[in-house]
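Please keep the sequence and the 3D view open while you read.

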Amino acid sequence: MKIMTIAMSMAVFSWVVSRPYSEQPRVTASWYGDAYRNNMCADNKTRFNPDDPTQAAHRSYPFGSVIRVSLTKDKYVDVTIVDRGPFVKDKNGKYTREIDLSRAAFQKLADPSAGLLQVKLTKLR
C-alpha cells in the first residue's frame with residue numbers, strides 16, 4: 001500500500017509540474033512569527049527565526065527540501081522546509097493551509113497583515 005501511495009504521489013506531482021505555469025494549482029500559504037522564535041524546529045537542527053526569509057513548514061515535504069513559493073511568475077521566495085505544519089483544519093476536518101512561511105518570507109510576497117495568500121509551490125530540490 002505504501003509503494004502504491006508513493007507511486008500515485010509521484011504521478012500526480014509529475015502531472016502538476018508539467019502543466020503551464022498559469023494552469024498549475026494554487027494553495028494557501030500562511031505565516032508564523034514571534035510566538036515561535038527560537039523554538040527548535042521539527043528537523044531538530046534549526047531554531048525558528050521569523051526574520052529568516054528562508055524558513056518554512058510543510059506537513060509532508062522532506063526536511064531540507066527547497067521550495068519556490070510563487071505569488072506571480074516574477075514574485076517568489078525560495079524557502080527550505082525545516083518544520084512541520086500548518087495544522088489548521090476547517091469544520092469538516094480538512095486542512096485549509098498547505099505551507100507556513102516565516103514572517104520574513106511572507107513579507108517578501110505580501111504584507112503580513114494579509115494573513116493568507118494563494119500561491120504556487122515548486123520543489124527545486
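Is asparagine 44 buried or exposed? Asparagine 44 is exposed, because its relative accessible area is 61%, where exposed means over 50%, buried means under 20%, and partly exposed means in between, using a 1.4 Å probe and protein chains only.

1. What kind of model this is. This is a predicted model, in which local features need pLDDT of at least 70 and side-chain atom pairs count only at pLDDT 80 or more, while totals for chains, interfaces and linings use all residues. Residues are numbered from 1 along each chain as its sequence is written, and side-chain values use heavy atoms, with hydrogens and water left out.

2. The overall layout. Of the 125 residues in the chain, 36% are buried.

3. The barrel. The six strands close into a barrel in the order β1-β5-β2-β4-β3-β6, with mixed pairing, where two strands pair if DSSP finds at least two bridges between them. From one strand to the next the twist averages 45°, an angle on a scale from 0 to 180 degrees between the N-to-C directions of axes that are lines fitted to C-alpha atoms, for helices over the stretch in contact. As background, strands of a sheet pair through backbone hydrogen bonds, either parallel or antiparallel. Strand β1, residues 27–32, pairs with β5 in the parallel sense over four bridges, and tryptophan 31 stands opposite leucine 101 in β5.

4. Serine 102, a polar residue to look at with care. Serine 102 lies in strand β5, residues 99–102, and it counts as buried because its relative accessibility is 0%. Its side chain reaches the backbone oxygen of aspartate 52 at 2.6 Å, which falls under the rule for a polar contact (a pair of N or O atoms within 3.5 Å; within protein, one must be able to donate a hydrogen and the other to accept it, and residues adjacent in sequence count only if both atoms are side-chain atoms). Not counting residues up to four places away in sequence, serine 102 touches Trp31, Tyr32, Phe48, Asn49, Pro50, Asp52, Pro53 and Gln55, a contact being heavy atoms within 4.5 Å.

5. Leucine 101 and the nonpolar cores. Leucine 101 is found in strand β5 and is buried, with a relative accessible area of 0%. The largest nonpolar core has 18 residues, and those that touch the most other members are Val69, Val79, Ile99, Leu101, Leu109 and Val119; such a core is a set of buried Ala, Val, Leu, Ile, Met, Phe, Trp, Tyr and Cys residues joined through side-chain atoms within 4.5 Å. Two or more residues come from each of β3 (66–70), β4 (76–83), β5, α2 (103–109) and β6 (117–123). A second, separate core of five residues includes Tyr32, Cys41, Ala57 and Val82. Leucine 101 and proline 53 are 48 residues apart in sequence, and their C-alpha atoms are 8.0 Å apart in space.

6. The aromatic rings. The count comes to three aromatic pairs, where rings of Phe, Tyr and Trp (its six-membered ring) pair if their centres lie within 6.5 Å, and planes under 30 degrees apart count as stacked, over 60 as edge-to-face and the rest as tilted. Tyrosine 32 and tyrosine 36 form an edge-to-face pair, 5.6 Å centre to centre with 65° between the planes. Tyrosine 32 counts as buried at 9% relative accessibility, whereas tyrosine 36 counts as partly exposed at 43%. Tyr32, Tyr36 and Phe48 form one aromatic cluster.

7. Backbone points to check. Most residues other than glycine have a negative phi, and most peptide bonds are trans. Asparagine 44, in the loop between β1 and β2, has a positive phi of about 60° although it is not a glycine. Asparagine 38 has a positive phi near 70° and lies in the loop between β1 and β2 (55–58). The peptide bond from glycine 85 to proline 86 is cis, with omega near -10°, and proline 86 is found in the loop between β4 and β5.
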